[in-house]
Amino acid sequence: MKQLVFFAFFLFTVSLMAQSIQNNPGSNHGNKFEQLGTTLPTPNTYRTASGAPGEDYWQQQVDYDIKCELDEKNLVLKGQEMITYHNNSPDALSYLWLQLDENQHSTVNNANYQDRSTMPRSASDQMLDAADYRKTDNGYGFILEKVTDSAGKPLKYVVNKTMMKIDLPEPLAPGKKYVFNIKWHYKIVDRMDNYKFQDARGGYEYFEEDDNYIFTMAQFYPRLCMYNDVLGWQNHQFTGRGEFTVCFGDFKVEMTVPADHIVGGTGVCKNYGKVLSKTQMTRYKQAENATEPLVIKTLDEVKAGENTKATAKKTWVFEAKNVRDFAWTSSRRFVWDAMPVTIEGNKVMCMSFYAKEAYPIYNMLSTKAVAHTIKTYSDFSIPYPYPTAQSVEAANGMEYPMICFNPGRALPDGSYSEGSKNAAILVIIHEVGHTFFPMIVNSDERQWTWMDEGLNSYLQYLTQELWDNKFPSDEGPAYSIVDYMKMDKNQLEPIMTNSENIVQFGNNAYAKVATGLNILRETIVGRELFDNAFREYARRWAFKHPTPADFFRTIEDATGEDLDWFWRGWFYSTDACDIAIDTIKHAVPDITAVPRRTEDTIVKVALERPYVNEFEDISKIRNKEDKNIKFVVDQDTSLQDFYYKYDRGLVAYDTTKYDRLLKATQEPMGEDGAKYEGKHLYEISFSNKGGLMMPIIIQWEYKDGTKEIERIPAQVWRKNEKALVKTFAKNKEVASITLDPYKETADIDESNNVWGKEMPASRFELFKNKKGVKPAPNNNPMQKAMQKDNGRA
């Protein structure tokens, strides 16, 4: 057995030594196992090398007191807000930047990021009207009536597309706060008209059959940009794609709406007793202790009130603590149900708002899906900290703290497809999950979409799987990303791409990230280690502002794994996984063979005379010619050992000891070799055709019908990233070999993953290795043993 191990090791090391030049960092090939190093920002006292916030970490706080009124007849929202800006940075600020996201819908104040376009072969009148529409001022976007300080004195400001800069009367010193006011109004957009208002996050949806609206009011107020230690002011223009990053703060929002509307919003309503009917208030109190969703406003009540519109108005007052944003919804068409769920002692009211079109799906499952989501995400990240979680059916998907907008409507006859039901569950889970990422773990969406969409899609996948093990998930399993990964690289870009520049947005920012994290969890790191590391990331950065480096470093810090090779390949490159079986050699032991003594003379000479470098370079020659140089070993007789004397021909070498050694190590196995008769050696040559480093997962299927899975870590590629040879010892004969049998690595070409051809085995000589005797040298004994190359199927 020891002889066998020695042979295999000898072949393996020689192969790696010969091929290691492939990984020379100075070559075009590069080295994919090198540390990210300067690719990541230098750690500092704000953000540490471990990925945790540093001792000097800081972030700004912004508090809002907003009063707004919904003019349903004219489709206008009017508002005024008092903003308190807390400067917790070490910098004096001479101006403030605010986001005016509604200007996205203005034809004169939008960011004007244009994409290329081709002439369509056919076009609708709506498309042509929209093209003309964009040529003139459409009147949409914020109309700023006044901007003043706390005393009512006008402040100097300038609007740059979707951004507004306010010059302060004097620099705002560190540790100080500044209070100012903005009064504004704007025309509410039809968010269903994607020709005129592309990517509208908020607006109205009109229902012609009963002349009513559903309003989803998001990004509806001027709000502060983020100022942090990474970018300074994050004032990149809002184009509708890269979403936003804003500061945490406390909100008080008063919304005046038609008296027959139901309102849902971020946080907790503080005056249900004034805006709900007695019946509704009674039901809400009952819902606070319900174990199943309890309806507060019924479908029959909605139908009865559709055609009678209130002329009076009511003001709903909401408060939210330590949130980064606020959104709300309002309509007389809403059915409303609720039930509580307790998360580590925190009672959370899970609620759903939906119209009759969504009733068959949402009444059955929406609130239960909300509850399931916050419970599951709490298990995998941090306990849900807020008092409410709300799902609003609005025919689209968008997220805000404690409230989200989702699709999920049935057909007119009340029936629905399984696909429609699953789509509703998927989006509810995804959008509710966003309260964790990025509403709590507050990454910069404008810069890195993947940090919220990708991480959230990963937890969405886990949550779907726990909802129904047969749920058709398309973001998370490795096989689901293969079609994207095999695309031409000219159509791809790394995950680490700015949000505005991503071509394959959904695959790149959502699915590839979710798949990568799932590969880490299931295949590379392991569930327990990765789950703990992911929780640690969420814990460290809850209610803070992490960067990609903080995520990468935390996962490595908490798992004890060097994953730079994985971040480099999966996040920073467009390489794909394509590991192939190139050749397979099979050998079995021959215990009766007579030892071959070929090339013994060469081996004997090598043993007789130790290695001596006969070449003398110019330095050696000149040193020897210089009679003034006294060599240490010539002067000090205590250093003149056997090798000193042998090199100078002062002693001879006794070869009888070698002859005894050679005879002992090549003694035939005889009867002792019977236990090795069932052994099989398989030498497999692998090649990495896709360039992405991944573990090698092998399924051995034996001729007796049994199977075995063997997992070789990705580090096996570290000394040759293109090809490797590895030998395996098995106790049974193999019938077939399959790489990645469970489709764990997103391998883009499965045709080179299988070998199943019968392998006639060559025979290798196995000699008994007596205990305590070192094996004799041989010139590549494994190469002699493995004589038959069977190729691959």
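This is a predicted model: local features need pLDDT of at least 70, side-chain atom pairs count only at pLDDT 80 or more; totals for chains, interfaces and linings use all residues.
User: How are strands of a sheet paired, and in which order do the 4 strands of the open sheet lie?

Analyst: Strands of a sheet pair through backbone hydrogen bonds, and the pairing is either parallel or antiparallel. Here the order is 28-27-30-31, in an open sheet whose pairing is antiparallel. Strand 28 (707-712) and strand 31 (754-755) are the edge strands, each of them pairing on one side only. Strand 31 is joined to strand 30 (residues 734-739) by 2 bridges, and the bridge partner of isoleucine 737 is tryptophan 755 in strand 31.

User: What describes two packed helices, and at what angle do helix 10 and helix 13 pack?

Analyst: Two packed helices are described by the angle between their axes and by the distance between those axes. For helix 10 (residues 505-524) and helix 13 (residues 564-571) the angle is about 150°, and the axes are 11 Å apart. Because angles over 145 degrees count as roughly antiparallel, that description applies to helix 10 and helix 13. Their contact includes Ile519 and Leu520 of helix 10 as well as Trp567 and Trp570 of helix 13, and by class it has 9 nonpolar, 2 polar and 1 charged residues.

User: Is asparagine 396 buried or exposed, and where does asparagine 396 lie?

Analyst: Asparagine 396 lies in the loop between strand 21 (388-393) and strand 22 (398-400). Its relative accessibility is 17%, so asparagine 396 counts as buried, the cut-off being under 20%. Leaving aside residues up to four places away in sequence, asparagine 396 touches Arg191, Ala200, Phe405, Asn406 and Pro407.

Technical notes: Residues are numbered from 1 along each chain as its sequence is written. Side-chain values use heavy atoms; hydrogens and water are left out. Two strands pair if DSSP finds at least two bridges between them. Axes are lines fitted to C-alpha atoms, for helices over the stretch in contact, and angles run from 0 to 180 degrees between N-to-C directions. Angles under 35 degrees count as roughly parallel, over 145 as roughly antiparallel, 65 to 115 as roughly perpendicular and the rest as oblique. Contact means heavy atoms within 4.5 Å. Ala, Val, Leu, Ile, Met, Phe, Trp, Tyr, Cys and Pro count as nonpolar, Asp, Glu, Lys and Arg as charged, and the others, Gly among them, as polar. Buried means under 20% relative accessible area, exposed over 50%, partly exposed in between (1.4 Å probe, protein chains only).
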